[in-house]
Amino acid sequence: MRVSAERAGSEVVSPNAVVMSFLQSAEQRVLADRHPAVAVQASLDSSVLNVRGSSSQLGKALMNLVANSMEAIEGTGRVTIATENRRLDRPSSGYETVPPGEYVVLRVEDTGAGIPAADLGRVFEPFFTKKALGRTGTGLGLTVVWHTVKGHDGFIEVRSGPTGTTIELLF
């Protein structure tokens, strides 16, 4: 990950440590209490590289992704948080175009209903929400994710269908 030397709060960050810290956090316990039928599991690559950035910002981005994933699941379901190293030999076009290179990927995938195709291009907009009345949130969670990823010179990939959504953050 390329981050300018002037970036405030820039540190060497282990993506796996960010995930483990989140899984042990009070925020995750609150989410688990709200969604007792949703299992959260981790699939962490032990060889994943470190990134340069802010562990607290990455943790908040992860929390927002997991919260959205859990709320997308009606009844029983699963959210998986994964890390991996990935090499792209050619540009990848999805939510945005990711240039070739070496990346550390932080992935959150769920077994929810998915995001309608018409809404995929808007999910990171401020105050855009399709949550039903009574659900938590302000419509800013995914905006926080987008700003965090862009502040870390990263990219976002989103895939969604009727059996779930996968959001990948590439650094």
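In which handedness of crossing does H1 pass H3? H1 passes H3 in a right-handed crossing, a crossing being right-handed if the near helix is turned clockwise from the far one by less than a right angle, and left-handed if anticlockwise. The model is a predicted one, in which local features need pLDDT of at least 70 and side-chain atom pairs count only at pLDDT 80 or more, while totals for chains, interfaces and linings use all residues. Residues are numbered from 1 along each chain as its sequence is written, and side-chain values use heavy atoms, with hydrogens and water left out.

The protein chain contains four helices and nine strands, where helices (H or I, at least four residues) and strands (E, at least two) are DSSP runs numbered from the N terminus. Read from the N terminus on, the order of these elements is β-α-α-β-β-α-β-β-β-β-α-β-β. Of the 171 residues in the protein chain, 41% are buried, a word that stands for under 20% relative accessible area, with exposed meaning over 50% and partly exposed in between (1.4 Å probe, protein chains only). Among contacts (heavy atoms within 4.5 Å) in the protein chain between residues at least 6 apart in sequence, 72% join residues at least 24 apart.

Helix H1 covers residues 15–23, and its buried residues are Pro-15, Asn-16, Val-18, Val-19 and Phe-22. These residues lie on the same side of H1, because they cover an arc of only 160° around the axis, the arc being that of the directions from the helix axis to the C-beta atoms.

Two packed helices are described by the angle between their axes and the distance between the axes. For H1 and helix H3 (residues 55–71), the packing angle is about 60° and the axes are 9 Å apart; such axes are lines fitted to C-alpha atoms, for helices over the stretch in contact, and angles run from 0 to 180 degrees between N-to-C directions. H1 and H3 are therefore oblique to each other, since angles under 35 degrees count as roughly parallel, over 145 as roughly antiparallel, 65 to 115 as roughly perpendicular and the rest as oblique. On the H1 side the contact is made by Val-18, Val-19 and Phe-22, and on the H3 side by Ser-55, Leu-58, Gly-59, Leu-62, Met-63 and Val-66. Seven of the residues in this contact of H1 with H3 are nonpolar, two are polar and none is charged, where Ala, Val, Leu, Ile, Met, Phe, Trp, Tyr, Cys and Pro count as nonpolar, Asp, Glu, Lys and Arg as charged, and the others, Gly among them, as polar.

Helix H2 (residues 26–34) also meets H3, with axes that come within 11 Å and cross at roughly 5°, and H2 and H3 are therefore roughly parallel to each other. Here Glu-27, Gln-28, Leu-31 and Ala-32 of H2 touch Met-63, Val-66, Ala-67 and Met-70 of H3, and the residues of this contact divide into six nonpolar, one polar and one charged.

In the loop between H4 and E8 lies Asp-153, which has a positive phi of about 55° although it is not a glycine. Asp-153 is partly exposed, with a relative accessible area of 40%.

Another loop, between strand E6 (97–98) and strand E7 (101–110), holds Pro-100, which is partly exposed with a relative accessible area of 44%. Although Pro-100 and Leu-88 are 12 residues apart in sequence, their C-alpha atoms are 4.7 Å apart in space.
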